[in-house]
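I opened the model today and kept notes as I went. The entries follow the order in which I looked things up.

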Amino acid sequence: MLTLANLVALIPLIVVGTTAVIIMLGVAWQRHHGATALVSAVGLALALACVPVASTALSSPPLMAVDGLALMGSVLVLLCALVTVALSHHYLTGYIGPKEEFYLLLLCAVTGALGLVASDHLATLFISLELLSMPLYGMLAYSFRAERSLEAGIKYLVLSAAATAFLLFGMALIYARTGHLDLAGLATGLANTSDAWTLAGAVLMLVGLGFKLSIVPFHLWTPDVYQGGPAPATIFLATVSKLAVFVLLLRLVTVAPVFNSDWLNTLITLLALITMLGGNLLALFQSNLKRLLGYSSIAHFGYLMVAIVAGGALAVETVGVYLVTYLVTTLAAFGVVTQLSSPFSGEDAAGLHYYRGLFWRRPWLAAVMTVSFLSLAGIPLTAGFIGKFYVLALGVAENRWWLVGGIVAGSAIGLFYYLRVMVTLYLPEPGMRRMDATNDWGNRIGGLTLLVVAVLILVLGVYPSPMIQWVVGLSTVVVS
Amino acid sequence: MILVWLILIPFVGGLLCWQADQWGDRAPRWIALATMLFVLIISLVLWVTGDFALPGEVTRHWLLEWRTSWIPRFGIEIHLAMDGLSLILVALTGFLGALAVLCSWHEIDHRVGFFHLNLLFILGGVVGVFLALDLFLFFLFWEMMLVPMYFLIALWGHSGSAGQTRIRAATRFFIYTQASGLLMLVAILSLVFVHYSNTGELSFSYDTLLDTDVPEALAPWLMLGFFVAFAVKLPVVPFHGWLPDAHAQAPTAGSVDLAGILLKTAAYGILRFALPLFPEESQAFAPVAMTLGLVGIIYGAVLACGQQDIKRLIAYTSISHMGFVLIALYSGSELAIQGAIILMVAHAFSSAGLFILSGQLYERIHTRDMRIMGGLWGRIPVLPGFTLCFVAASLGMPATANFVGEFMVLFGTFPNAPVVVVIASVGLVLAAIYSLLLMQRVHYGPEYRQGALRGPDAREYGMMLVLLVLTVMVGLYPQPILDITAPIAGPAAELFQQAGAELASRAGEVN
């Protein structure tokens, strides 16, 4: 039964849900873009402030587990959503048509993500995942007058539906074998069985989740959707959606032993390898920045899969640290794309030629971009290096030499295109007119947020101890 | 604390240069010059006041040491320490850094502030490499100096005929060194985790890891992880692909730094980390390393003979010279290791001199192609004379520092590996050939074009003179360097010989 004490643990989720309702009512009453964005931001910030309160809850509500992992996931989800809102406001000012619904969709999706990171039962898992995905279709197709955006939305809808079918089928198979839907029950029910049906169920679930994470054989949608979606929607997809699904996958793997069977472990190792190599290889000759970042994110989740394969206490910590570094980096990189595309005027500034000579025109934006790409490439003194260091350390500590080799090879390949983008920023400018950020970008809330994120990349790279302590503090709770 | 300042000064100076750009072109140059001279002066003061007379100590003694906790989760510290070897190399960095600023005084005329930011960041990273004793910190500096070097080559490099080649050269440089660096990181991590499973203590500290008992099956691989990273940077022959291009496309300041200091970080790394951490494996690996060194000597020299581009020629001679260094480091003889250190210093002077001279030639005749030079002796005052001196130094003429270095390397290695020394001596002959070839094709012979060219101004003259004086000084009186490097070379050689004896006795037991 749901008691009052349980509700305390759900406060962040309730706050975000309430904000969504307020915005819906507000839009029905009177449209106002600025106020809507402000209310969303305040709602998200309030939810973030409530996370410490939620952590004091003594018991988790039924079907949910509000543990360290969930709290960590919630904080990251809310932070990313806040940055997305900050960047969306300027972007959407140029959009002809209703702007306010974007925030409504975003808040609904955040609710789903918050549920997902805490779900402890296949039913909550499924409902949260759908609550996260459905609004995303709308967000991706938001500027539906642009052909690519509509294509992105529909593509994601169709493929996502297929993936959901896989996921459901997998759940059904596992339920058929064990008669349990809660993860703890699954763990005991599956303790000693590893027959074909449970394995098939596990693999099907993996396919469903792998699609959301764009693990390699299921990655085909990624570049198109990244390219087509409006920049803020893409940011949300690349950060919040992936992060929430990955936290869930980690929970599944740490709790349910079936995911640790040798056979499946080999399969995940293989997937991780082809993901990190495939993502990097496919990105090599991209001249569209959004597609390139899409492929790059595929590769990064390949690196993260090492944690799934390895398991153990250090794995949860690695996931936490890597996700933090990945998120700040991705937010900064897409943030620059958003700034250059703001205000919305039909097509995003995704072609690499828009960025040629950016340093001589907008030095600070180019500096942010450089920092984020250095971080993506995992160069020391940026957050990305700490993440890569963790993944390598985990691989070495667990003697996963193939994966370590894959990371080294993947990083070497990755350097090629990261450097290509970076040096483009500093080349002489061509004479033609191009898309550019507005002159006051640095004074707007989105621009300021972007600078803060960039500084954060450097700070986390130079002095990562507080972040590591935070993650360690939360992750020890899970494993014990 | 002074060690921290040695690293921070170039970084702060670099940021100042960037901001000083708005006050005109001169401000960044002067700030950069002052910064590097400051580093040089600090290290010289340390040299004069330092006490190095501590040979034969069992525990390692550092002249200066500074440590503080950084990432306690992994036992990572900011641990800096300086001994004679690092002192020499830091001083060298300060000196060549100042030269690099001076030699680009007129060459770089756009984005001056940003150029000096990159230049000083490289130098700051290099100083960090020479001072870091925590393996994580070492790796961090090792990788960090690549980024500004990349920008230096990619943005201010000479465009080759195909337009984009400088960017390709820069990318290649970066990928070679970064990928091999990651192998070193993997090796470092394995070492740390082996130590962790032995003792339950996570630490990246050099002193702690020195005594790690690595399983016999794993140790050679870890040693190779370190060796490959250093071999790429040195460069050792199969890993040298990035060097000629990077040199050919880099601006003069970049080449000076690359040849003068960056290559030395690799030799330093072998001497400081690869050998002491894995003495037995290194001893077993020595024949391979020496063979690679020999291949490098011959290969570099032969290819140097066939180059048309003057900077590529000098780049190939670097490969040849570094072959001697590699042989010496793996010879296990104190004399040879000291010779290698002198040779490193000498090579820094002579190659910097030659690169700066070729930069000055380029400013006058706008080409680096030796086919369209010739007969410059009559057209330019003074510079050809300097060229002759540095060419003589490069081929190891007595009274130059290079001679002392090469002589000590060959002399020290001979008792352990006579065959290697015999073959390496062939390299000396080849060195004479390519050096004279360079001189002949550029400065002698028929004049390709007519007309007198501008002679050196005070700045150019001064740079050359200082370099030349230093080369001769070290050549005539190398004792100061020998004095302060003896405490490093001695124990290193001893460790190596002990490992050799141990290996031999173990082989005896098996038999």
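**Entry 1: a loop residue.** In which loop of chain A does Asn399(A) lie? I found Asn399(A) in the loop between α17 (383-397) and α18 (401-424) of chain A. Helices here are DSSP runs of H or I with at least four residues, strands are runs of E with at least two, and both are numbered from the N terminus. The phi of Asn399(A) is near 60°, a positive value in a residue other than glycine. Asn399(A) is exposed, with 11 other C-beta atoms within 10 Å. My cut-offs: a residue is buried if 20 or more other C-beta atoms lie within 10 Å of its own, exposed if 12 or fewer, and partly exposed in between, with C-beta atoms placed from the backbone.

**Entry 2: what kind of model this is.** I noted that this is a predicted model, in which local features need pLDDT of at least 70 and side-chain atom pairs count only at pLDDT 80 or more, while totals for chains, interfaces and linings use all residues. Residues are numbered from 1 along each chain as its sequence is written, and chains are lettered from A and ligands numbered from 1 in the order in which they are written. The pLDDT is the predictor's confidence in each residue, from 0 to 100. For chain A its mean is 89, and 96% of the residues reach 70 or more.

Entry 3: I located Leu63(A) in the loop between α3 (33-55) and α4 (68-92) of chain A. With 19 C-beta neighbours inside 10 Å, Leu63(A) counts as partly exposed. In chain B I looked at the peptide bond joining Leu234(B) and Pro235(B), which is cis, with omega about -10°. Pro235(B) is in the loop between α9 (219-233) and α10 of chain B.

Entry 4: Chain A has 20 helices and zero strands. The C-alpha trace of chain A spans about 70 × 55 × 40 Å along its principal axes. Of its 480 residues, 61% count as buried. Chain B comes to 19 helices and two strands. Its C-alpha trace spans about 75 × 55 × 45 Å along the principal axes. Buried residues make up 60% of the 511 residues in chain B.

**Entry 5: helices of chain B.** Is helix α10 (residues 242-249) of chain B enclosed or open? Eight of its eight residues are buried, so α10(B) is largely enclosed by the rest of the structure. Among those buried are Trp242(B), Asp245(B) and His247(B). The buried residues of α10(B) pack against α6, α7, α11 (252-277) and α13 (310-329) of chain B. I checked α6(B) next: eleven of its eleven residues are buried, so this helix too is largely enclosed by the rest of the structure. Tyr150(B), Phe151(B) and Trp156(B) are among its buried residues. The helix α4(B) is mostly covered, with 20 of its 20 residues buried.

**Entry 6: where the chains meet.** I counted a contact when two C-beta atoms, placed from the backbone, lie within 7 Å. By that rule 24 residues of chain B are in contact with 21 residues of chain A. On the side of chain B that touches chain A, α5 (135-144), α6 (146-156) and α7 (165-199) each supply at least two residues. The most come from α7(B), with 13 residues.

**Entry 7: the core.** A nonpolar core is a set of buried Ala, Val, Leu, Ile, Met, Phe, Trp, Tyr and Cys residues joined through C-beta atoms within 7 Å. The largest has 391 residues, and those with the most contacts inside it are Val77(A) and Val345(B). Its largest share, 18 residues, comes from helix α14 (residues 334-365) of chain B. Leaving out residues up to four places away in sequence, I listed what Val77(A) touches, including Val110(A), Leu114(A), Val240(A) and Leu243(A).
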